Amino acid sequence: MADRVLVIGSGGREHALAWKLAQSPHLKQVLVAPGNAGTANNGKISNSAISVSDHAALSTYCRDQKIGLVVIGPEVPLAAGIVDDLAAAGVRCFGPTAKAAQLESSKSFSKAFLDRHGIPTARWKAFTNEEEACTFITSASFPALVVKASGLAAGKGVIVAANKEEACRAVHEIMRDKTFGAAGETIVIEELLEGEEVSCLCFTDGITVAPMPPAQDHKRLMDGDQGPNTGGMGAYCPAPQLSQDMILKIRNSILQKTIDGMRKEGIPYIGVLYAGLMLTKDGPKVLEFNCRFGDPECQVILPLLKSDLYEVMQATIDKKLSNCIPVWFEDRAAVTVVMASEGYPGNYAKGLEITGFSQAKEQGLEVFHAGTTLKDGKVVTSGGRVLTVTAIKKDLRSALEHANKGVEIIRFKGAIYRKDIGYRAIAFLKQSRYLFEDKTKN
């Protein structure tokens, strides 16, 4: 009998998860709570009004609705123990426990864990006292510093300081002015790593890791990595900057080592592990862990997935992931471009009508909704990052060109987006081709 699945969340990541799960012949319905306009009455996919913060009511709902699997998209419910509570009530969940999710929810836990297991990361120290933090900054030998709120801050709790004075000012803002609330009660100060940043994700059942192709997110608002940091303005996959040897090294010395370390510490990690890495001159180093799919990385990785996502998730929960190895991905390239509201990441208008969805579909593009809702039968904006337009082609350049055509088709007043997603990869490939051709001539 076909199963029903419930996806928790309301963003582009959750729309992509629901879209990919709905392709499984094992499923008759994918519910999304609370969802958005893109997941409302869309084939097998529909929204649910059930509260996701009341875990007892959610457990009852899952039993009553015969939900075979709950997939948690965002980090906040994971850190709040949604997997622990649902599993205790006999509901199958895809995602780590609250203790395992500390790899994301507590940067001080994560950094100490990395040190304990010899996994490469930036030099760092954690503080709960403002004065001690500033004394450390003043005497630090690092040429540049990063100040981070240790807890969850919706991806915004990181300040890259231009100098030591700015780093101390960041400490005061986080600890005294409580810029990030309770997330900043403990702060982490670390050296600024330099190099190319990549996202390496894997499925894991607590023993086996099944890597996904590496992706790269673009955090800055404007072309050329200018403007303020955001939740992500686009991504591409795969990232050609990583050779097969480097991917294998990351799998063994970072991903597998992390999963082995968590198991040895009695905190098995099951679900998706996301390692944000810096490719430094000394090799790859961990910038951060996320305990779920990234957003917008999810919107470029899942469209390339050839394996049945539902089967992979079930094997992960049952600790049978080794039976699914390798998890198959298409040998093509994907680019997703985020369309955001004018004013984002600051204040922005809501309720603006969005058009062009059917034309984008005709062009073979996938549009994943994020900050959208339905009003009087029309799709309107309701958030900062409104949607992502994903294109899949034989190479990155073609995928970027196709995605850029898509954002011109989709329209809403004041829409902002980047036109250069993947530019670093394209430059890398051009340089590699030049070096190769040069060597063959000599």
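A residue is called buried here when its relative accessible area is under 20%, exposed when over 50% and partly exposed in between, using a 1.4 Å probe and protein chains only. Helices (H or I, at least four residues) and strands (E, at least two) are DSSP runs numbered from the N terminus.

Before you start clicking: this is a predicted model, in which local features need pLDDT of at least 70 and side-chain atom pairs count only at pLDDT 80 or more, while totals for chains, interfaces and linings use all residues. Residues are numbered from 1 along each chain as its sequence is written, and side-chain values use heavy atoms, with hydrogens and water left out.

**Stop 1: helix 1**

Select residues 12-21. In this helix you will find G12, R13, E14, H15, A16, L17, A18, W19, K20 and L21, and they are buried. With ten of its ten residues buried, helix 1 is largely enclosed by the rest of the structure.

**Stop 2: K28**

Now move along to strand 2 (residues 27-34), where K28 has its place. K28 has a relative accessible area of 46%, so it is partly exposed.

**Stop 3: the domains**

Colour the chain by domain: domain 1 covers 3-98, domain 2 covers 129-185, domain 3 covers 196-323 and domain 4 covers 333-428. These bounds come from an automatic or database domain assignment. Between the C-alpha centres of domain 2 and domain 3 the distance is 26 Å.

**Stop 4: salt bridges**

A salt bridge here is a side-chain nitrogen of Lys or Arg within 4 Å of a carboxyl oxygen of Asp or Glu. The structure has 18 of them.

Pick R123 and E191, whose closest N and O atoms are 3.1 Å apart in a salt bridge. This pair connects distant parts of the chain, 68 residues apart: R123 sits in the loop between helix 6 (107-116) and strand 6 (124-127), and E191 in strand 9 (residues 187-191). R123 counts as partly exposed at 45% relative accessibility, whereas E191, at 12%, counts as buried.

Next, select K148 and E190, which form a salt bridge at 2.9 Å, N to O. K148 belongs to strand 7 (residues 145-149) and E190 to strand 9, so the pair ties together parts that are 42 residues apart in sequence. Are these two residues, K148 and E190, buried or exposed? Both K148 and E190 are buried.

For another setting, go to D282 and K281, a salt bridge with its closest N and O atoms 3.7 Å apart. D282 is exposed, with a relative accessible area of 57%, and K281 counts as exposed at 80% relative accessibility.

Finally, select D225, R418, D420 and R424 together to see a network of salt bridges.

**Stop 5: aromatic pairs**

Rings of Phe, Tyr and Trp (its six-membered ring) pair if their centres lie within 6.5 Å; planes under 30 degrees apart count as stacked, over 60 as edge-to-face and the rest as tilted. Across the whole structure there are five aromatic pairs.

One of them is F127 with F136, a tilted pair with 5.3 Å from centre to centre and 50° between the planes. F127 counts as buried at 7% relative accessibility, and F136 counts as buried at 18%.

Then show F203 and F293. Their ring centres are 6.1 Å apart and their planes lie at 80°, so this pair is edge-to-face. F203 is in strand 10 (residues 196-204) and F293 in the loop between strand 17 (283-290) and helix 10 (298-301), so the pair links distant parts of the chain, 90 residues apart. F203 counts as buried at 0% relative accessibility, as does F293 at 3%.

**Stop 6: the second largest pocket**

On a 1 Å grid over the protein atoms alone, a pocket is an open set of points where a 1.4 Å probe fits, with protein on both sides within 12 Å along at least five of seven lines; lining residues have an atom within 4 Å of a point. The second largest pocket holds about 570 Å³ of space. It has 22 lining residues, and P211, M212, P213, Q244 and I247 are the closest to its centre.

Which helix gives the most to this lining? Helix 9 does, with four residues. Strand 11 (209-211) and helix 9 (244-264) each supply at least two lining residues.

Notes: Grid points are joined across faces, edges and corners, and a volume is the space filled by probe spheres set on the points.
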